[in-house]
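Dear colleague,

Please find the structure below, handed over for your own work. My findings follow it.

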Amino acid sequence: MSLTKVTSSIGLVQGPNDSEEIIVCQFTHMTNAQGQAWFGGDPFAFTLPVLLLQFIFIFSLTSVVWFLLKHVKQGLISAQLIAGIIMGRSFLCRIDSYGDKLFPPGGILILETIADVGFMFHLFILGVHVDLSLVKKVEKSAMVIGAISFFLPFTMGLAFIFILEQLVEVEISTKRSLPYVACLNAITSFPVITSLLTDLNILNSELGRVATLASLICEICNYFVTLILCGIMTGLHSIEWNVFSFVVWPIFFLFIIVFGLRTAIVFIAKHVTEGQQMKEIHFISIVVVILLCGLGSECFGQPAALGAFFLGVLTPDGPPLGSSLVYKLDTINTGLLVPAKFVISGLSMDIFSIGGVSGATYGLVIIFAYSAKFTSTLVPALFYSIPVREAIALALIMCCRGIVEAVIYITLMEDGIINNEAYAFLLMSMLIVTGIARPLIWHLYDPSASYLGQRKNSILSNFPNDELRMMVCVHNEENVPTIINLLEVSTPIRNRPLAVFVLNLMELKGRGASVLESTTQRGKLTSSRSWSKHVANAINLFAERNQGCVVRHFTSIAPYASMHNDICSIALDQNANIVILPFHKQWTIDGKVGSNFPSIRMVNQNVIMKSPCSVGVLIDRGLVAGNRHSSSMFQITILFLGGPDDCEALAYANRFLENPQIILTFVWMRSCDHKKYGEETDKSMDTHMVNQFRARTIGNQRVVYREELAKDAIGTTRVIRSIEDGCDLFIVGRYHEADSPLLFGLTEWSEYPELGLIGDMLATSDFRFSVLVMQQQYLGADFVETHHLQPIACGYNSSPSCDDPYQHHRSYSFEENFEHSKRT
């Protein structure tokens, strides 16, 4: 049996621009090795084994580089580019045996073709992340910053090149490449910026939203100026007699995308059921539409990926189509095919070829262009009163580059518009600037600074008749029944109004920009999202049944990693006393765990650490009672061990005392040896609040007071077990002294530290009642008469009991409230 040792032969031919190019003659029968190694042949002389080896090597090296770089706040795209450079002519491909074996000329052609198909799908995904509806929300400041950050570097870069060419004699290829280098450094890509902000967990921060909108404006300027002008110049250089067709045919194909291919996707989307997985026939149909779009783009003179990108921009927003489609397409593309695209870029890049006068010229132009980009963003940001640190961070964000810019560099280099030296400079400057900017942005800007260190509001800080402002977070419809029951028991009695802020939380899927919006205007719901409408209708019905209660609705669409920023910001803006968070586990009717959402747990942990007000984590096991208009009694138990968190729980319990449908059991757990410290204990805030509570509830048949003694956690657990029957809601503080004898033995193991020791024990499947774990935030700066707030219940949805509104609302410290309660 004769064995062929090579898959192809190569030779030099005369190419365009009077340059020599390599021609590859591929042998069609050298595809599958089919066990050639057993007969003494070389399996890597066949294209399929070489392709598989390339993917293995690409995936492995990219993963190693990403593992090393992610700890210094670098992006995945940077890791993929660096891996490509390492595998390319700059490093490993300088070893002849490595380059000939792993990347033979025929193997590169096949790898590049497959990578281009993968990149086409990836650019479609990036297009899906572009939300054109944001244009309606662009404020004047973001519009000015975005426009100036494009036009100023664009014009200054071209002017600098004109001056430089008068002073320095450069080669013709360098002279032709310099204008493109200047133009490319004025670009800021919207998908790149949103990906960067997501990686740094600041997408839904105040600065993140400014950067998102500014990059969108810069992207629009980029499309209408840079790409159009560069396309016309390319057409003039390549086929001067066919400029009209070069411009008209792409516009014609854009109409085909809008009125043909997009219509097909919309038709498919109508047959995808919301909340369910996309069927295989729907997914395959959309893939075929994307392939048709890529084919049409190539036929009409544009890159296939560009057409796919525009189709992605026009894809219907969000679920049921957007998130499922992105999830199915993104895994294989991001993990394998897109890195292959950047390896191809690294193979043709040789950093050691940079030098001489042309190299210095490129360096000066790029440094000047980045300086102009930074300054043109910083100055207008300062003009609009953005703090200096945030303005610097914004300028650094707008200077960052990513996958879109890298592919533009590759395309221009492959088309001969820029030379290899310009390409190397652009790619290296992108890696250096973005690599430095990312950790600097992370260091300069912390979104939690806007609410950390500020006033810390709480229920305990209110006077007895003050308005209670509760903020409830909803992740899905299953959270609503128990939340409504909790609101029912908190309903205002007499002159004690209640304001409820409902925040619907949704994970950001299928789009690149976060959303934080008020969905209530003068009592009218404006949200277009179906399940949030159901939530709003249910809570609005509760408000209609209870005069003196007003509800406002908000919606947040953000990544889970930064969702707490929206929660804390709304709580601060609305001066909420407490934020109610659903627990990340949900139980079935038989008491077993039905669903578990680790991402929601991460949100809860972040809010507990950073909230500007008290926090309550609601463990929902199904509250079927609690309706004030029903005949059944709602039984609430409060376990009091002492400390600020238990005092906050007791302050909340005072809202229940006048509700005739509530039976309240108060259990004061004390150590058996507490009497030896009795003199100090009698002066404590804990004892004073308990005594005040007892004084208020004397003769109240619906309040049961118990004082229990225990030696250790076993005794504490025994007491809790004794009151388990007939309990609908159990309220306890989060933090207790770890060295307390009452908790001895519970500190050795804790599954959910965010609930505290008692809350963690009650979150197990051994208990059947719902639990509210409360935390009073540590005090920040005092907030004394700086906000004159009229109760919201006296606003657009008036309460009959609001004839005498408060003149102002004051937030008191823990010590001030203690002194006030002693006097009253």
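**Helix packing around H10 and H11**

In this predicted model, helix H10 (residues 280-299) and H11 cross at roughly 130°, and their axes come within 7 Å. An angle of that size makes H10 oblique to H11. The crossing of the two helices is right-handed. On the H10 side, the residues that meet H11 are Val289, Ile290, Cys293, Gly294, Ser297 and Glu298. Their partners in H11 are Ala304, Gly307, Ala308 and Leu311. Sorted by class, the contact of H10 with H11 consists of 6 nonpolar, 3 polar and 1 charged residues.

Helix H11 (residues 304-313) is largely enclosed by the rest of the structure, because 8 of its 10 residues are buried. The buried residues of H11 are Ala304, Ala305, Gly307, Ala308, Phe309, Leu311, Gly312 and Val313. Among them are Ala304, Gly307, Ala308 and Leu311, which also take part in the contact with H10.

Helix H21 (residues 644-653) packs with helix H23 (residues 685-696) at an angle of about 15°, and their axes are 10 Å apart. Because angles under 35 degrees count as roughly parallel, H21 is roughly parallel to H23. H21 passes H23 in a left-handed crossing. From H21, the contact is made by Cys647, Leu650 and Ala651. From H23, Met685, Asp686, Met689, Val690 and Phe693 take part. This contact of H21 with H23 has 7 nonpolar residues, 1 charged residue and no polar ones.

**Cysteines**

How many disulfides does the count come to? The count comes to 0 disulfides.

**Two loop residues**

The loop in question runs between strand S8 (549-558) and helix H19 (563-573). Leaving aside residues up to four places away in sequence, Ser562 touches Asn201 and Asn204.

Phe46 is found in the loop between strand S2 (20-26) and helix H1 (47-69). Phe46 also counts as buried, at 6% relative accessibility. Phe46 and Gly106 are separated by 60 residues in sequence, while their C-alpha atoms are 9.9 Å apart in space.

**The chain as a whole**

The protein chain has 26 helices and 17 strands. Of its 824 residues, 54% are buried. Among contacts in the protein chain with a separation of 6 or more, residues 24 or more positions apart account for 80%.

With kind regards

How values were computed. Residues numbered from 1 in each chain as written. Predicted model: local features only at pLDDT ≥ 70, side-chain atom pairs only at ≥ 80, totals over all residues. Heavy atoms only, no water. Axes fitted to C-alpha atoms, helices over the stretch in contact; angles between N-to-C directions. Helix = DSSP H or I, 4+ residues; strand = E, 2+ residues; numbered from the N terminus. Parallel < 35°, antiparallel > 145°, perpendicular 65-115°, else oblique. Left-handed = near helix turned anticlockwise from the far one by under 90°. Contact = heavy atoms within 4.5 Å. Nonpolar A, V, L, I, M, F, W, Y, C, P; charged D, E, K, R; others polar. Disulfide = S-S within 2.5 Å. Buried < 20%, exposed > 50% of the residue type's maximum accessible area, 1.4 Å probe, protein only.
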